[in-house]
Amino acid sequence: MTSFDSSPTLNAWRALLALAVVFVMLTSTGWTAVANQRGPGEPLKLALSAWERGRIGVRQLPSPDASPKRLAAFFASLTRGQQERLAAKYPLVVGNLNGAPVTLRYRANRLALMQARTVEERRMRDTRLSADGRQQAGRRMNRYESMLGGGRQILAFDPSGKGRAAEVLGDLDRAERVSVIVPGVDTNVLTFERTSRWYSAPAGMAESLYAAERTADADTSTAVIAWADYTAPSGLGVDAAIGKLAEDGAVRLTALTAALPGTSRVSLFCHSYGSVVCGVAAHALPGRVTDVAVAGSPGMRVGNAAQLRTDAYVWAMRDRDDWIQDVPYMAVGGLGHGADPVARGFGARVISARGAIGHAGYFQPGTESLDNFAEIGVGSYPTVSCADGADACRSGIPDTD
């Protein structure tokens, strides 16, 4: 057992509590969590198989697993017409290739969304499906329709399973500062945006943060990425209590940050289980990542901030009404995510979340939590508000002492 408290008696009680929580999870939602990750088909796998057999002229196409630098060099060697033909023939592949020009990815993902919408329109009328199946197809069709509207910049899209997506607000190629929002449990293509509680979904979080950053510093060019491009746990089941999906997500997050264009500085804003993903990824993130900020975190799978092995500033906040504080902050046999990031001994820069109501309110406009995220996102550290009302969270940062 790994413990983050020095009291053996308290540790024993926490262990019992953790096991009780896990038991409840398993008996309620845990055993179905893995099954709930399944979805209709694997179109991206089929597209990748076709890509691997494809050619452009006499040239073989590069491996989709090649480094972003290698893929960027490949696309730079093509004419614009050749790039467009690849995007039209393999939209699901090109739209998800780290290293491909971002504007080409936007166009490819628009084509992929149009194709996916057509598939769901057919499924809506397929009498071989149950009523629930047809209803689900209708929901997905409506989501794709929304993502196709308003000139939206979809950086990644995969309709396989429950679906993944990422969206960019701003000019990613020219941004001086890029913010990446990493959401938590129950993130998929259907929950990428919401009609009600808009700011609790990735697309709404990004919209809110982008507007707040422009208010915080109109002279700094920024871009925000709503990054729902990993398989998140479904519900508060066993998948949410262990780190397997976070480990897989961390690989994808590291690849994204390494492939961003230009020389922009990058800040990660990690909510709930997303903070587990960021914690696992921290040691492998490129040096351009200057900040890792977590909100409503169940832990980052370490005992303290130093164990993250990152040179980025580590920030943490939690609203006083956030239920996540009742989760046992410990690790027992792979269950649990370690120490509380807002605890004094963890070593994070603890910032104010005033105004955020509960677990899903950190990106709500008008809150101090959102204002603090925006100040971090534009690199305006002197104006960040510390949780204690003093200046401890800003100590040791140049130009803020």
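A pocket, as the word is used here, is an open set of grid points where a 1.4 Å probe fits, with protein on both sides within 12 Å along at least five of seven lines. The model is predicted. In it, the largest pocket has a volume of about 890 Å³.

**The largest pocket**

- The lining of the largest pocket consists of 40 residues.
- Leu-44, Asp-158, Arg-164, Asp-229 and Arg-252 are the lining residues that lie nearest the centre of this pocket.
- By type, the lining holds 18 nonpolar, 10 polar and 12 charged residues.
- At least two lining residues come from each of helix H2 (43-53), helix H3 (68-76), S3, S4 and helix H10 (244-259).

**The sheet**

- Eight strands form an open sheet with mixed pairing, in the order S3-S4-S6-S5-S7-S8-S9-S10.
- Its edge strands are S3 (153-158) and S10 (349-350), each of which pairs on one side only.
- Strand S8 (residues 289-295) pairs with strand S9 (residues 313-317) in the parallel sense, over 5 bridges.
- Within this pair, Val-292 stands opposite Val-314 in S9.

**Helices packed on the sheet**

- Helix H8 (residues 202-216) packs on the sheet and touches strands S4 (164-170), S5 (177-182), S6 (222-228) and S7 (265-271).
- The direction of H8 makes about 165° with that of S6.
- Helix H12 (residues 368-377) also packs on the sheet, where it touches S5, S7, S8 and S9.
- The direction of H12 makes about 155° with that of S7.

Methods: Residues numbered from 1 in each chain as written. Predicted model: local features only at pLDDT ≥ 70, side-chain atom pairs only at ≥ 80, totals over all residues. Heavy atoms only, no water. Pairing = 2+ DSSP bridges. Helix = DSSP H or I, 4+ residues; strand = E, 2+ residues; numbered from the N terminus. Contact = heavy atoms within 4.5 Å. Axes fitted to C-alpha atoms, helices over the stretch in contact; angles between N-to-C directions. 1 Å grid on protein atoms, 1.4 Å probe; cavity = no way out; pocket = protein on both sides within 12 Å on 5 of 7 lines; lining within 4 Å. Points joined across faces, edges and corners; volume = space filled by probe spheres on them. Nonpolar A, V, L, I, M, F, W, Y, C, P; charged D, E, K, R; others polar.
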